[in-house]
Amino acid sequence: QTELKPTGNKRKKVVIVGSGWGAMSFLQKLDTTQYNVVIVSPRNYFLFTPLLPSVPTGTIDQKSICDPVRLIARQTPGEVQYMEAAVTDIDPHAKKVYIEHKSDRLTIGDAFINDNEPIRAELDYDYLIYSVGAKVNTFGIQGIPEFASYLKEAQDAVAVRQKLFNSVEAARLLPEGSDERKRLMTFVVCGGGPTGVELAAEVKDYIVQDLSKFIPNLENEMNVTLIEALPNVLNMFHHKLIEYTQQVFNSQGVHLRTNTMVKKVDARNVYCTEKKADGSTEDHVIPYGTLVWAGGNAQRKVTTEFAAKIPEQTSRRGLLVDEYQKLYGVEDVYALGDCTFTKNPPTAQVASQQGHFLADHFNKLSKLDDLKFLANQEKQPEQVEKLHKKIQRTESTLLPFHYEHQGSLAYIGSERAVADLSFFQWSTVSVGGNLTFLFWRSAYVSMLMGVRNKVLVTTDWIKVAIFGRDCSKDN
Ligand code: FAD
Ligand code: NAD
């Protein structure tokens, strides 16, 4: 990487940690000719999470929502390096990150190279952009890590599909009406946030619209249950849309169990407690064949350990940042997205706006840095004065981050979606139904990062409309 810019000033090194919404949105808008950029992430692709709930059912192919980091880097001007590794530690005083590569173990073959002994390295940075996202919050509930699947990463979607098929095919060998057959035919989703609602809706669609054509009577035998601790699902939506969603679920035969808190799971059952309207409680045991946990976010270990080194980082819910996304308590480290704790929700919309904002901020910082460098080199007093005026003008353009909520969208099944749309700051329109579904689809296509993914996703929808969804176990 070239050390000097055309001005003669040093080209600073930006290390971007992560390849998700925050990190890739930052890269998208950064003037990469002004910085040396290194991306570090164990996941070598960007994942378009809003369409992940469509992957287990095969409505969308997994690859259609994955955008390789190397492809993104190649399309970016200047020199952008990528290292497939996880950050394990950060020393903000020495300005170093410690990274580790572990090869994924393959299920078939023996192609991993360093399963037991990770390869380790360290990187220096001038600026660190930390955007490692969050992990799934299990709240320490017994049995979830061992027996439940999640819906966070692309491989989770594949695992959910395989479990669904394994359960259904195994159940078909058992006598009709037997308890074990009923158990295997039960798909349980815990957590009625948007992830859980969208997954339950997609699975129900798949059973009704496609699988029942191949597996007789599946529509009547298969049970999709959604368990939510609070009185309603989709709590961030307008109450009319919550009611609408609950009506659609009832008419589609998705079993909603609200006011029901999961307490424990084992290999066959979910143990939960329902809070009744009169304040009393009742315990339930719900047998399942496939179980997905969608209980929300928690911070990753690397983030909590990093925060623990900095006295100013006092929140357990995420990294604290100022209005420029700069971390409290350390110099030259910025954080984006779900690893931060701010007044904004942990969404792709927030992470991407933060990423775009920070890139713009960095483009200005680079300009400022060059002006200061030139002012220091300059001998002529009137030229120095001119440069100082330019510095002041550029500094006055460094404005704080301001989040603009564009609305919330969720798919709720049978080609219907709900949308809380914000128009500027003065009006919110809440709509739901088939037209909203078309809007939902077009909005997501426009949000996909590259032309390649827009084409792939649109083609997947057309294929499903013509041929139906695929019913083989592996996508
Ligand atoms: P991520 O996008 O999660 O990226 C984190 C990155 O860091 C990943 O590349 C990961 O591999 C990498 N990483 C992890 N650990 C390390 C490490 N130790 N070192 C280096 N790199 C590391 N939001 C919306 O606004 N609209 C939606 O419709 C929507 N739908 C969603 C659907 C699902 C199923 C899910 C799970 C989430 C959805 N979200 C949605 C939320 C949205 O995906 C997140 O808010 C967003 O991904 C946060 O961006 P991020 O960059 O902080 O984290
Ligand atoms: P979430 O935090 O939004 O919802 C988790 C749900 O699980 C909550 O309703 C919670 O009450 C419930 N829960 C927690 N513990 C429970 C227990 N023991 N028993 C029963 N229920 C329990 O999580 P999510 O849906 O994964 O979403 C994470 C983030 O991603 C959110 O910010 C969300 O807005 C965003 N997201 C947005 C979309 C969209 O806009 N379409 C889709 C998916 C995710």
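The model is predicted, and local features need pLDDT of at least 70, side-chain atom pairs count only at pLDDT 80 or more, and totals for chains, interfaces and linings use all residues. Residues are numbered from 1 along each chain as its sequence is written, while chains are lettered from A and ligands numbered from 1 in the order in which they are written.

**Exercise 1.** Describe the residues that surround ligand 2.

*Solution.* Begin with the shell itself, in which a residue counts if its C-beta atom, placed from the backbone, lies within 6 Å of the ligand. There are 29 such residues, and the closest are Gly191, Gly193, Pro194, Thr195 and Gly296. Next, name the elements (DSSP runs, helices being H or I of at least four residues and strands E of at least two): helix H6 (194-214), strand S14 (260-265) and strand S20 (407-413) each give two or more residues. The largest share, 4 residues, comes from H6.

**Exercise 2.** Work out the strand order and pairing of the open sheet of 3 strands.

*Solution.* Two strands pair if DSSP finds at least two bridges between them. The order is S6-S7-S8, with antiparallel pairing, and strands S6 (86-91) and S8 (119-124) are the edges, each pairing on one side only. Then examine one pair: S6 and S7 (residues 96-101) are joined by 5 bridges, and alanine 86 has glutamate 100 in S7 as its bridge partner.
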